[in-house]
Amino acid sequence: MNRQDKKESEWLFKSHNPVSLDELWNALQKTSGRVWLMQEPVIIHVKCSSLENAGILLGIARQAGMKHSCIVSLGNNIVVEIRGSERVEAVLDKELVSKEYIKILVEEANRKLLKAKERIKLLETAFGNLANQ
């Protein structure tokens, strides 16, 4: 992604699954100048019926490793933000970075993406257990 304002950026490549070195390298070859590699954490917003339920949800999220989760609204709507911490951000310039460096970034981004997916599965299991009580 060319990094000016995120809303004005051009997306060169996007995936919600692990990527290969060649996929990222080929996307990088389509541009000139600097671009950003971003692997962002999961963010889920949940409207809760009560502060008590929001507290329960926060506890479940934190047990699943979503340590940056919090209550983001206490007005008419009580909203919990479940947020992961797995992220990678790096500025890249195809004239300055080697394929070996890109390989390291791809490996790290894929590792963090898979860790985030594991945490989502933990959340799903915890929600299922809660619903069955």
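Which backbone oxygen lies 2.8 Å from a polar atom of the side chain of S69? The close-up views below start there. The model is predicted.

**View 1. The side chain of S69 meets a backbone oxygen.** The backbone oxygen belongs to M66. It lies 2.8 Å from a polar atom of the S69 side chain. S69 is found in the loop between α2 (51-63) and β3 (70-74).

View 2. The relative accessible area of S69 is 2%. Buried means under 20%, so S69 counts as buried.

**View 3. A64 is a buried residue in the loop between α2 and β3.** That loop is the place of A64. Is A64 buried or exposed? A64 has 4% relative accessibility, so it counts as buried. A64 touches R119, L122 and L123, not counting residues up to four places away in sequence. V19 is 45 residues from A64 along the chain. The C-alpha atoms of A64 and V19 are separated by 25 Å.

View 4. α3 runs over residues 99-131. How many residues does α3 have? There are 33 residues in α3. At 1.5 Å a residue, α3 should span 48 Å. The end C-alpha atoms of α3 are 47 Å apart, which agrees.

**View 5. Buried residues of α3 pack against helices and strands.** The buried residues of α3 include I102, L105, V106, A109 and N110. K112, L113, A116, R119 and L123 are buried too. What do the buried residues of α3 pack against? Among the helices, they pack against α1 and α2. Among the strands, they pack against β1, β2 (43-48), β4 (78-83) and β5 (88-93).

**View 6. The largest pocket holds about 770 Å³ of space.** Of the 29 residues that line the largest pocket, K14, S15, M38, Q39 and E40 are the closest to its centre. Which element gives the most to the lining? α3 does, with 8 residues. α1 (21-28) and β1 (34-39) each supply at least two residues of the lining. The lining divides into 21 nonpolar, 5 polar and 3 charged residues.

Definitions and conventions
Residues numbered from 1 in each chain as written. Predicted model: local features only at pLDDT ≥ 70, side-chain atom pairs only at ≥ 80, totals over all residues. Heavy atoms only, no water. 1 Å grid on protein atoms, 1.4 Å probe; cavity = no way out; pocket = protein on both sides within 12 Å on 5 of 7 lines; lining within 4 Å. Points joined across faces, edges and corners; volume = space filled by probe spheres on them. Helix = DSSP H or I, 4+ residues; strand = E, 2+ residues; numbered from the N terminus. Nonpolar A, V, L, I, M, F, W, Y, C, P; charged D, E, K, R; others polar. Buried < 20%, exposed > 50% of the residue type's maximum accessible area, 1.4 Å probe, protein only. Polar contact = N/O pair within 3.5 Å; in protein donor to acceptor, adjacent residues only side chain to side chain. Expected span 1.5 Å × (residues − 1). Contact = heavy atoms within 4.5 Å.
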